[in-house]
Amino acid sequence: MKVFITGASSGIGQALATEYAKRYPGTSTIIGLAARRSEHLQVLQTTLQNSYQVTCLTYPLDVRDHGALTNSATDFIQQYGAPDIVIANAGVSSGTHTEQAADTSTFQAIMDINVMGLVHTFQPFIKAMRAQGHGQLVGIASVAGIRGLPGAGAYSASKAAAISYLESLRVEMAPLNIAVTTIAPGYIRTPMTDVNQYKMPFLMDTNIAAEKFVDAIVRKRRFVVIPWQMGVVARLMKLIPPVLWDWAMKKAPHKPKLDWDWL
Ligand SMILES: NC(=O)c1ccc[n+]([C@@H]2O[C@H](COP(=O)([O-])OP(=O)(O)OC[C@H]3O[C@@H](n4cnc5c(N)ncnc54)[C@H](OP(=O)(O)O)[C@@H]3O)[C@@H](O)[C@H]2O)c1
């Protein structure tokens, strides 16, 4: 098993790396771990290598940097060949308000990380996957991309773009025998949701979420919402006409704003 995961320094990405190591222990499992915080990646690398005898490669990078991802993909492929699975999981979330000029740069960062980050992550692996005759690209979207959430225009727009982009890619990649899986999580307990002051329905722990994500990846699901209860909500959200949506969202809680430095 060879897998490359972005956003592996925290939350869902870290849990996915751990789940792959647990499920496929031993030296033939190679896990590429990418994110900006190299010290977190190194701790995870040591833990997984010692606990499950897998091999981890760490790639400290920003997914906005296509060149950095190209170099990492080249290094991974040179050492171990094309990965079986690439998971573009890195993402950020922050409240944003269009009327506030200072939020424009936050909009830009969220779109660059959550949308262009997917393209930058997948692109350098496709040629090698094509040559090996198989592969799977996995994008982590969000239920927030199904409809526009007030106070989270940038995040909702970025995840809506991610869902559409991944759908285009799925059809493009099919003739190359490269599967594309879109996972739209509901609420998962990670540092991204720990800051939320409001009630989060069907909140799921990361280790359980990671098991379900990997199950969906094994089954080559095209599009899946996890947890399933949120999938039912997502279906209903799609059906609601705009006038009812506006009414329902009037009192919806808003995502807190992050410090610009963090982005
Ligand atoms: N938690 C939820 O309820 C939930 C729901 C729906 C969707 N999601 C999506 O799931 C994914 C993972 O989120 P999470 O909940 O696990 O949040 P998290 O704990 O905050 O993790 C986000 C990860 O993305 C990485 N990242 C952020 N910006 C990056 C950049 N510019 N370059 C490289 N890596 C970057 C972070 O690493 P560094 O800071 O070290 O770079 C971190 O490893 C995101 O795409 C998020 O939108 C989460």
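Analyst: Asn177 is partly exposed, because 13 other C-beta atoms lie within 10 Å, a count that falls between the limits of 12 or fewer for exposed and 20 or more for buried. In this predicted model, Asn177 sits in the loop between helix H5 (153-173) and strand E6 (178-185). The backbone at Asn177 has a phi near 60°, a positive value in a residue other than glycine. Most residues other than glycine have a negative phi, and most peptide bonds are trans.

Phe202 also has a phi near 60°, again a positive value in a residue other than glycine. The loop that holds Phe202 runs between H6 and strand E8 (204-205). Phe202 counts as partly exposed because 16 C-beta neighbours lie inside 10 Å.

The peptide bond that joins Ile226 and Pro227 is cis, with omega about 0°.

The account may now turn to the ligand. There are 30 residues around the ligand, and Gly7, Gly11, Arg36, Arg37 and Gly91 come nearest. Sorted by class, the shell has 13 nonpolar, 13 polar and four charged residues. Helix H6 (191-194) and H1 each contribute at least two residues to this shell.

Helix H1 (residues 11-23) also packs against another helix: its axis and that of helix H7 (residues 206-218) come within 8 Å and cross at roughly 65°. This crossing of H1 and H7 is right-handed. On the H1 side, the residues that meet H7 are Gly11, Ile12, Ala15, Leu16, Thr18, Glu19, Tyr20 and Arg23. Their partners in H7 are Thr206, Asn207, Ala209, Ala210, Glu211, Phe213 and Val214. The residues of this contact comprise eight nonpolar, four polar and three charged.

A second pair of helices is formed by helix H3 (residues 66-80) and helix H4 (residues 103-132), whose axes come within 8 Å and cross at roughly 35°. H3 passes H4 in a right-handed crossing. His66, Leu69, Thr70, Ala73 and Ile77 of H3 make this contact with His120, Thr121, Pro124, Phe125 and Ala128 of H4. By class, six of the residues in the contact of H3 with H4 are nonpolar and four are polar, with no charged residues.

His40 lies in helix H2 (residues 38-52). His40 counts as partly exposed because it has 18 C-beta neighbours inside 10 Å. Apart from neighbours within four places in sequence, His40 is in contact with Ser9, Ser10 and Ala35. Between His40 and Gly148 the C-alpha atoms are 33 Å apart, and the two residues are 108 residues apart in sequence.

These parts belong to a protein with nine helices and nine strands. Its radius of gyration is 18 Å, which agrees with the value near 18 Å for a compact globule of 263 residues. The C-alpha atoms fill a box of roughly 55 × 40 × 30 Å along the principal axes. Buried residues make up 41% of the 263 residues. Of the contacts with a separation of 6 or more, 71% join residues 24 or more positions apart.

Notes:
Residues are numbered from 1 along each chain as its sequence is written. This is a predicted model: local features need pLDDT of at least 70, side-chain atom pairs count only at pLDDT 80 or more; totals for chains, interfaces and linings use all residues. Helices (H or I, at least four residues) and strands (E, at least two) are DSSP runs, numbered from the N terminus. The radius of gyration is taken over C-alpha atoms; the globule rule is 2.2 Å times the number of residues to the power 0.38. Two residues are in contact if their C-beta atoms, placed from the backbone, lie within 7 Å. Axes are lines fitted to C-alpha atoms, for helices over the stretch in contact, and angles run from 0 to 180 degrees between N-to-C directions. A crossing is left-handed if the near helix is turned anticlockwise from the far one by less than a right angle, and right-handed if clockwise. Ala, Val, Leu, Ile, Met, Phe, Trp, Tyr, Cys and Pro count as nonpolar, Asp, Glu, Lys and Arg as charged, and the others, Gly among them, as polar. A residue is near a molecule or strand if its C-beta atom, placed from the backbone, lies within 6 Å of it.
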